[in-house]
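Here is a quick tour of one chain, written for someone who likes to check things against the coordinates. Have the viewer open and follow along.

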Amino acid sequence: MSRLAWNVNGRDVEPPGISRETTLLQLLRNDLGLNGPKYGCGLGQCGACTVWVDGIAARACVIPAHGVAGRAITTLEGLGSRGDWHPVQQAFEDAQAAQCGYCLNGMVMQAAALLAREPRPSEQRIRDELSGNLCRCGTHVEILDAVRRAAV
Ligand code: FES
């Protein structure tokens with residue numbers, strides 16, 4: 001066990017007792033109470049746990065927390081909040097792009113990262129970017145609509 005600091009949503013935090021085996025997702029959910037990122041596969045394959053590390057979308061379930069100490073971590077909670085939604089969050093609400101909602105964290109974080117880099121991506125770019133984020137309900141039509149709305 002060692003004591004390190006993480007910058008999460010613009011705030012420096014130093015939770016005690018983070019072992020070398022602790023993943024970034026465990027740190028965020030279990031130690032910091034940030035439940036935006038979800039546990040899906042735990043293998044880096046479904047996208048439910050997506051966060052930003054230095055502005056780049058990344059799979060928190062396979063990143064050792066120690067490996068990103070001192071880096072800027074952004075979670076869904078840091079993107080926006082009720083009454084002050086990020087444009088992508090607002091577009092997902094406007095498009096009613098949720099069924100069970102479990103994938104939404106990853107979809108929103110991945111789409112927001114894309115639009116931060118490419119404000120007006122092509123349809124193919126949007127599809128390619130979200131191709132690694134799984135939605136079991138089949139809400140893809142509404143999700144794509146939401147990203148298009150946010151890209152305008
Ligand atoms: Fe991390 Fe599936 S839970 S990619």
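Predicted model: local features only at pLDDT ≥ 70, side-chain atom pairs only at ≥ 80, totals over all residues.

Where to look for it? Arg71 belongs to the loop that links S4 to strand S5 (72-74). If you skip residues up to four places away in sequence, Arg71 touches Asn7, Val53 and Asp54. Another handy distance for orientation is the one to Ile56: Arg71 and Ile56 are 15 residues apart in sequence, and their C-alpha atoms are 11 Å apart in space.

## The chain as a whole

Stepping back, the chain has six helices and five strands. Reading from the N terminus, the order is β-β-α-β-β-β-α-α-α-α-α.

As for overall dimensions, the C-alpha trace spans about 45 × 30 × 25 Å along its principal axes. The radius of gyration is 15 Å, which agrees with the value near 15 Å that a compact globule of 152 residues would have. Buried residues make up 41% of the 152. Of the contacts with a separation of 6 or more, 59% are between residues 24 or more positions apart.

On the contact side, 14 residues of domain 1 meet 12 residues of domain 2.

Which elements of domain 1 give two or more residues to the side that touches domain 2? They are strand S3 (50-53) and strand S4 (56-59).

## The largest nonpolar core

The largest nonpolar core has 45 residues, and the members touching the most others are Leu24, Ala60, Val108 and Ala111. Helix H4 (residues 104-117) is the top contributor to this core, giving nine residues. Why does the core lie between the two domains? Because domain 1 (6-77) and domain 2 (87-151) both give residues to it.

Leaving out residues up to four places away in sequence, Leu24 touches Val51, Ala60, Ile63, Ala65 and Val68.

## Helix H1

Leu24 also turns up in helix H1 (residues 24-31), where Leu24, Leu25, Leu27 and Leu28 are buried. Look down the axis of H1 and these buried residues fall within an arc of 165°, so they line one face of the helix. As a reminder, an α-helix has 3.6 residues a turn, so residues three or four places apart point the same way.

What covers the buried residues of H1? The cover includes strand S1 (6-8) and S3. After H1 comes Gly33, with a positive phi near 70°.

Terms used. Residues numbered from 1 in each chain as written. Core = buried A, V, L, I, M, F, W, Y, C linked by C-beta atoms within 7 Å. Buried ≥ 20, exposed ≤ 12 C-beta atoms within 10 Å, placed from the backbone. Helix = DSSP H or I, 4+ residues; strand = E, 2+ residues; numbered from the N terminus. Domains from an automatic or database assignment. Contact = placed C-beta atoms within 7 Å. Arc of directions from axis to C-beta. Rg over C-alpha atoms; globule rule 2.2 N^0.38 Å.
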